[in-house]
Amino acid sequence: MNFSSKITDWYKLNKRDLPWRNNPEPYKIWLSEIILQQTRVAQGLPYYEKFFAAYPNVKSFANAQISDILLLWQGLGYYSRGRNMHFAANQVMTEFKGIFPNNFKDLKKLKGVGEYTAAAIASIACNESVAVVDGNVYRVLARYFNEAIPIDSTEGKKIFSELANELVPKINPGDHNQGMMELGALICTPKKPDCINCPINSSCQSAFSASVELLPVKSKKVKVKERKFNYFHLKFEDKIIIHKRHGKDIWEGLHQFPLVEGESQEIQNELKKLTGLNQEFGLTKGITLKHILTHQRIFADFFTVDLTTLKGLKSEFIVTTLEDLENFALPKLMVNYIESINKN
DNA sequence: AAGACGGGGCT
DNA sequence: AGCCCAGTCTT
């Protein structure tokens, strides 16, 4: 039996029952694949359910407000995915007359759809014979061929893409691709792979060996930046103040308390300058939260302030209430703070 | 080619 | 603490 048959047969017997796997169509696969980028199935699954219920087709997604999309996306991370999906849905409506693209070449024109996602949609929903190469596939191939070239190098990406495309069959490419990924997720795991139950262990170059956990090889190390945030929980009667983040930084489009970044000695003045409020603030130091991101470690001090007036408040700030915050997309750090004060 | 972009789970 | 996850875009 050839490689692809082993993968596909194993997949049919062992695949997980996931909602986008019955009646695959481009829109559903697109939605699931974007959500699952750099995201485990267990984490992404409830988001897929929420989004598919709210937006059952590309037209409803295109007509949605970006604020509502980000609100649904809250807590999933990499929020540019949600913004790009909104843009892409409108591309489908205008550039493709409302019909979701059904081939690799056109799919790649959509914002947020790269090599991997275009191949996934094309093969799973459109039966096009093109290989997906995600983190799972890198791992399966690196081990199967005992290939130690770094997967995050330009040459490595090329090598693994060529290997993957030599293996993908003309018939049922979607089952083959999903089988490769499912194998990586369930059997050929990063730690302690289950070689004994692997359908391709007889021809795998590193099965059962000490080298298997050393593959695949990555060359780059992530650099972690430390940041200090001073957040101000401003209170006026039952009102609080937030604003929307923008610019090239984390959490673009999400809302937060007024923020002064850095180890400021002049917090009072910084806060006046930031908000336009001109009064003496009675600052009370509240809790400190540490928030870990892939590239950043954020130490956030939260201060509470009782305001005597909102006079002078700059227009970019939104006056709302703690209860009404559920209608704004918030970074997890803000959510963690709200949870912590509600407990006490 | 390198850096930026979240959050969660597992070791 | 470190690594990884159905990656893509920007610089």
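1. A polar contact is a pair of N or O atoms within 3.5 Å; within protein, one must be able to donate a hydrogen and the other to accept it, and residues adjacent in sequence count only if both atoms are side-chain atoms. In this predicted model, a polar side-chain atom of Gln296 lies 3.0 Å from a phosphate oxygen of DNA strand B.

2. DNA strand B is surrounded by 23 residues, the closest being Thr154, Ile250, Trp251, His291 and Thr294, where a residue is near a strand if one of its heavy atoms lies within 4 Å of it. Of the atoms of DNA strand B that come within 4 Å of the protein, sugar and phosphate account for 56%.

3. Helix α2 (residues 26-36) and helix α3 (residues 41-54) have axes that come within 9 Å and cross at roughly 140°, the axes being lines fitted to C-alpha atoms, for helices over the stretch in contact, with angles from 0 to 180 degrees between N-to-C directions. Helices are DSSP runs (H or I, at least four residues), numbered from the N terminus.

4. On the α2 side the contact (heavy atoms within 4.5 Å) is made by residues including Tyr27, Leu31 and Ile35, and on the α3 side by residues including Tyr47, Tyr48 and Phe51.

5. Residues are numbered from 1 along each chain as its sequence is written, and chains are lettered from A in the order in which they are written. Local features need pLDDT of at least 70, side-chain atom pairs count only at pLDDT 80 or more, and totals for chains, interfaces and linings use all residues, while side-chain values use heavy atoms, with hydrogens and water left out.

How values were computed:
Helices (H or I, at least four residues) and strands (E, at least two) are DSSP runs, numbered from the N terminus.
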